[in-house]
Structure formats: structure tokens, C-alpha cells
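Subject: Structure handover

Hello,

Please find the structure below. Notes on what was found in it follow.

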Amino acid sequence: MQKGDLAPDFELPDEDGTPRKLSDLAANGPVVLFFYPAAMTPGCTAESCHFRDMKAEFDAVGAQLVGISADEVEKQKRFSDKHSFDYPLLSDPDGAVATQFGVRRRFTMISPTKRTTFVIGPDLRIIEVVQSEIRMSVHADRALEALKAGAPA
């Protein structure tokens, strides 16, 4: 998936088991959908906490944060509770959604999912794509820059 592409609509359970559909989330404004390799790991914790710490800035531009990984619902719940995340964490255990977005690895020796963030407009059009496996804060920072730049939302 690249900038300008139409994001595939999907439905996955959040950390409470509640089904969340991308198109429903996007109906309320832009969605910052960030794929992370695994809950409770140092890099993913740093990335997810940086998103949490910038939530007020995302709220100010009308954007919603949504994390997604291959972790089961129960692990997402423990991760969310431990770090007081106030945005949904979606469970994609079979990697179907990661595959649709092109972030599923063929070989899972490192992790099943590439660390990638998609800024998605209300029309499900991708506004920005952020990729970095080692710079955890770049995902939230660049996503917010794209939204503030007035990209069509």
C-alpha cells in the first residue's frame, strides 16, 4: 500500500474483543493505523507509548490512533492496561489484515509484521506511509506532520 491508494476495509477485535471496522473509525476523521511487531517488547512499547503521549496533538487535528499486531486479544488487553493506552489495539493473529496492507513478512524469524504506519483519510485513501524498523518515534512524528500539513483528509 502506498500514498494515494485506497486502504482495504476490515474488521478486527480490539483489546476488549469488540469488533472494530476501519470504515466506521474513518467516518469520524482520519485514522492513524500503526502496525507493530509484538506487544510487550521494548521497541513496540516505546512506539506505542510515544503515540499515547502525543494523543492530545492527534486529537487536535481530529485524528484517531489505532494500533494493530498479530497478538491475541488477551495480550493486547494486558499491553493496553499496563501502559494506559487510550486508543484501540486490534488483534490480527492470522496476519490477514497485515497481508492486505503489504506489511506481513514472508519469513517470521524477526517478527511477523513490519513496523509501518498508515495515515488514512475518511474516504479510506492513504495520506501517508511511515516505515522504520528502528526509529520508534518517527511513526507518530511523521503521521502528525502529514496531518498538520493539510493533506486531504
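Apart from neighbours within four places in sequence, Thr-45 has Met-40, Phe-79 and His-83 in contact (heavy atoms within 4.5 Å). This is a predicted model, in which local features need pLDDT of at least 70 and side-chain atom pairs count only at pLDDT 80 or more, while totals for chains, interfaces and linings use all residues. Residues are numbered from 1 along each chain as its sequence is written, and side-chain values use heavy atoms, with hydrogens and water left out.

Thr-45 belongs to helix α2, residues 42-53 (helices are DSSP runs of H or I, at least four residues, and strands are runs of E, at least two, numbered from the N terminus). With a relative accessible area of 15%, Thr-45 is buried (under 20% relative accessible area, 1.4 Å probe, protein chains only). The buried residues of α2 also include Gly-43, Cys-44 and Phe-51. Among the elements that cover the buried residues of α2 are β3 (31-35), α4 (73-83) and α6 (138-148).

On aromatic rings: the whole structure holds eleven aromatic pairs (rings of Phe, Tyr and Trp, the last by its six-membered ring, with centres within 6.5 Å; planes under 30 degrees apart are stacked, over 60 edge-to-face, the rest tilted). Phe-34 and Tyr-36 have ring centres 5.8 Å apart and planes at 35°, so this pair is tilted. Phe-79 and Phe-85 pair edge-to-face, at 5.1 Å centre to centre and 75° between the planes. Both Phe-79 and Phe-85 are buried. Ring pairs join Phe-34, Tyr-36, Phe-51, Phe-58, Phe-79, Phe-85 and Tyr-87 into a cluster.

Regards

Key. Buried means under 20% relative accessible area, exposed over 50%, partly exposed in between (1.4 Å probe, protein chains only).
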